Amino acid sequence: MRMSFLTRSVILILLVAFSAITAAWGFYYLKTEAIGIAATLLFIVFTWHLISYQTRFFSKISYFFDAVRNEDSALSFPKSKNDPFLNELSSNLNRINEQIKKIKTESRQQEQYFQTLTDHVATGILSFDDTGFIFNANKNLKQMLGLEQLTHLRQLHKVDNQLAHVLKNLPPGNQRMHTIKSTSGKSINLLLKSTSFKNKDRTLRLVSLQDINDQLSEKEMESWLKLIRVLTHEIMNSIAPVTSLSENLKNLYIRDGEVISPEMVSETTIAKTAKGLEVIEQQGVGSSTS
């Protein structure tokens, strides 16, 4: 497939060069305008075909990486009836896109499983970033605090004036006791434990709030937290390699925010692109069969 692209590109480049030389030869050596004009027209036609052919190739590659970067899996590449190489390229890109969609679907299913799991834990689980924005609060935590919705730490002021401050300033790996009042006026002694983890380019804090009066023992809670950390790690690991490799391949064709010209693309770059797409496809197949 790669030789077909290279062969056609080389032929078009040779035709462009030949027509340019012929035009110069007709104008300056033979002094024959007819030959010069004919060769010039051929030069224009061959140049247009060369640019059009390579533009279609690089446009498909660029659109594919833009879709991966924007997490758009709905993009589909139509087949070309007149060009077997571009037709094969479209088929490969569509196949890889299907693998990426499958990985994303499995990742969402894992996230749903993770959410269902935390909702069945008798301990309150809360994750938030440095700004206080809450990414996850399980059902038990909301019931414990008497809140229907929880999207930011400042909402905890409705329950306890100090709770948000305590959670935000509890160092990862540490634990402490904190007492709050329930909606019925009963004191709830909470054992707070904090840990941190990476989610893409953000560091999130995961805090467990355990009612030590009648909830899980500390050892059981540690087991749940360990399981949650493992699940979170596995979810991120399934997407990170594909995203990283796609970004690296895209950078082969982007310079200072602009797509490079066809003349700047070397055989090595095309080989790296083909190899990268193969690795992405293998990653997708590996994730779907694991």
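Here is a short walk through the model, stop by stop.

**Before you click**

This is a predicted model, where local features need pLDDT of at least 70, side-chain atom pairs count only at pLDDT 80 or more, and totals for chains, interfaces and linings use all residues. Residues are numbered from 1 along each chain as its sequence is written, and side-chain values use heavy atoms, with hydrogens and water left out.

**Whole chain**

Show the cartoon: there are seven helices and seven strands, which are DSSP runs numbered from the N terminus (helices H or I, at least four residues; strands E, at least two). From the N terminus on, they run α-α-α-β-β-α-α-β-β-β-α-β-β-α. Of the 290 residues, 41% count as buried, meaning under 20% relative accessible area with a 1.4 Å probe and protein chains only.

**Stop 1: the nonpolar patch**

Select Trp25, Phe27, Tyr28, Tyr29, Leu30, Ile35, Ile37, Leu41, Phe43 and Ile44. They make a nonpolar patch on the surface, with about 1000 Å² of accessible area together. To join such a patch, nonpolar side chains (Val, Leu, Ile, Met, Phe, Trp, Tyr) lie within 5 Å, and each residue has over 30% relative accessible area and no salt bridge (a side-chain nitrogen of Lys or Arg within 4 Å of a carboxyl oxygen of Asp or Glu). Areas come from the Shrake-Rupley method with a 1.4 Å probe, and for residues only the protein chains shown count as cover. Helix H1 (2-29) and helix H2 (33-69) each give two or more residues; H2 gives the most, with five, and Leu41 is found in H2.

**Stop 2: the hairpin**

Move to strands S1 (residues 124-128) and S2 (residues 134-137), which pair in the antiparallel sense over three bridges; pairing takes at least two DSSP bridges. Phe128 has Ile134 in S2 as its bridge partner. Five residues sit between the strands, and Gly132 takes a positive phi near 95°.

**Stop 3: the largest core**

Now pick Leu126, Leu145, Leu150, Leu153, Leu156, Leu167 and Leu209: of the 23 residues in the largest nonpolar core, these touch the most other members. A core is a set of buried Ala, Val, Leu, Ile, Met, Phe, Trp, Tyr and Cys residues joined through side-chain atoms within 4.5 Å. H5 gives the most to this core, with four residues. Zoom in on Leu153: not counting residues up to four places away in sequence, Leu153 touches Leu126, Phe128, Gly132, Ile134, Ala164, Leu167 and Lys168, where contact means heavy atoms within 4.5 Å.

**Last stop: Asp211**

Finish in strand S5, at Asp211. Asp211 is buried, with a relative accessible area of 10%.

Definitions and conventions
Patch = residues over 30% accessible without salt bridge, like charges linked within 9 Å, V, L, I, M, F, W, Y side chains within 5 Å. Buried < 20%, exposed > 50% of the residue type's maximum accessible area, 1.4 Å probe, protein only.
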